[in-house]
Amino acid sequence: MFEDKIVIVTGGSRGIGKAIAKSFAEAKAKVIVTYKNSIESAEFDRLGIQYAQCDAADTNAVQAFVDGVIKEHGRVDVLVNNAGMTKDGLLMRMSEADWDAVLDTNAKGVFNFTKAVTRQMISQKQGKIVNISSVVGITGNAGQSNYAASKAAVIGFTKSIAKELASRNINVNCIAPGYIDTDMTSKLNDTVKQGILQSIPLKRIGDGGDIADAVLFLASDRAAYITGQTLCVDGGMVM
Ligand code: NDP
């Protein structure tokens, strides 16, 4: 279904992004992942997945990266805006730096990448953009005001860009993962984890593959009539 499609996955070195990249590669897409700090390259080399260091928050670096992909591959069929980070804390103790860092990566990063691919997708008259938000962007969460604001921003951005680009045959959708087992959630203590587990009707913690399945659906032609939507992939946490 994705044979020869050019797919960019931001923040694909670990966790959910890595699972998404591997699923696209298994579906025969040409995948390019970005990361910020480091990558264990051997597995990506073995899978034929390209990788590049590119800070999603750095507008010029993102434009240069996307220009390079277009120069090398001639097109961009799918963009998955997955790169994300947390810097949790109650508002009373949250520094301006922690607010800015989370908003810069999680919200401005989505703006940067989406803007950088849009001209190319318009000229192709085809494209799929899938943004990774969070259920926290819908429900809010004490101790995560910066993160929740950034993820709510992604949902509003998705709807707006879906409206702007619908006439150009570009679908823009969001996935809101619930609790997924990655480095990001490994920081939570066992009591918090047990509490979250109790709130999941399907009674299990999700994995990257659960999110990848939904991303590949939204990036496929089977989702051609879906745009501007937010799909919660959360074991039923939010309904
Ligand atoms: P991880 O912390 O496991 O991985 C984060 C990835 O994003 C890494 O590849 C990291 O690169 C990259 N990254 C972080 N900041 C930047 C940046 N500024 N520029 C480029 N790459 C960056 O996170 P998850 O896999 O858990 O999360 C993936 C996405 O899913 C995020 O957007 C997150 O908010 C969202 N999400 C996750 C949930 C969960 O339960 N895990 C729940 C809901 C949403 P590097 O390795 O170089 O640091």
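**Note on the ligand shell and the salt bridges**

1. D183 has a relative accessible area of 43% and is therefore partly exposed, since that class lies between the buried limit of 20% and the exposed limit of 50%. The structure is a predicted model, and the values below should be read with that in mind.

2. D183 has a charged partner. Its side chain forms a salt bridge with the side chain of R14, with 2.9 Å from N to O. The two residues are 169 residues apart and the pair links distant parts of the chain: R14 sits in the loop between β1 (6-9) and α1, while D183 belongs to helix α7. In general, side chains of opposite charge can pair when their charged atoms come close.

3. How many salt bridges does the count give? The count comes to five. One of them joins the side chains of R75 and D77, at 2.7 Å from N to O. The partners fall into separate accessibility classes. R75 counts as partly exposed because its relative accessibility is 28%. D77 has a relative accessible area of 5%, so D77 is buried, as the limit for that class is under 20%.

4. The side chains of D210 and R204 also meet in a salt bridge, with an N to O distance of 2.9 Å. R204 is at 45% relative accessibility and therefore counts as partly exposed. Elsewhere, salt bridges link K18, K22 and E43 in a network.

5. Turning to the ligand, which residues come closest? The closest are S13, N37, N82, Y147 and T182, out of 30 residues that surround the ligand. Sorted by type, the shell holds 11 nonpolar, 14 polar and five charged residues.

6. An oxygen atom of the ligand lies 2.8 Å from a backbone N or O atom of I16. For A56, a backbone N or O atom is 2.9 Å from a nitrogen atom of the ligand. T105 takes part through its side chain, where an N or O atom is 3.0 Å from a nitrogen atom of the ligand. How much of the ligand does the protein cover? On its own the ligand has 900 Å² of accessible area, and the protein covers 95% of it.

7. Which elements give two or more residues to the shell around the ligand? They are α1 (15-26), α6 (145-165) and α7 (183-186). Among these, α7 gives the most, with three residues. Helix α7 is also where D183, the partner of R14, is found.

Terms used
Residues numbered from 1 in each chain as written. Predicted model: local features only at pLDDT ≥ 70, side-chain atom pairs only at ≥ 80, totals over all residues. Heavy atoms only, no water. Near = heavy atom within 4 Å. Polar contact = N/O pair within 3.5 Å; in protein donor to acceptor, adjacent residues only side chain to side chain. Areas by Shrake-Rupley, 256 points an atom, 1.4 Å probe, with all protein chains shown as cover. Helix = DSSP H or I, 4+ residues; strand = E, 2+ residues; numbered from the N terminus. Nonpolar A, V, L, I, M, F, W, Y, C, P; charged D, E, K, R; others polar. Salt bridge = Lys/Arg side-chain N within 4 Å of Asp/Glu carboxyl O. Buried < 20%, exposed > 50% of the residue type's maximum accessible area, 1.4 Å probe, protein only.
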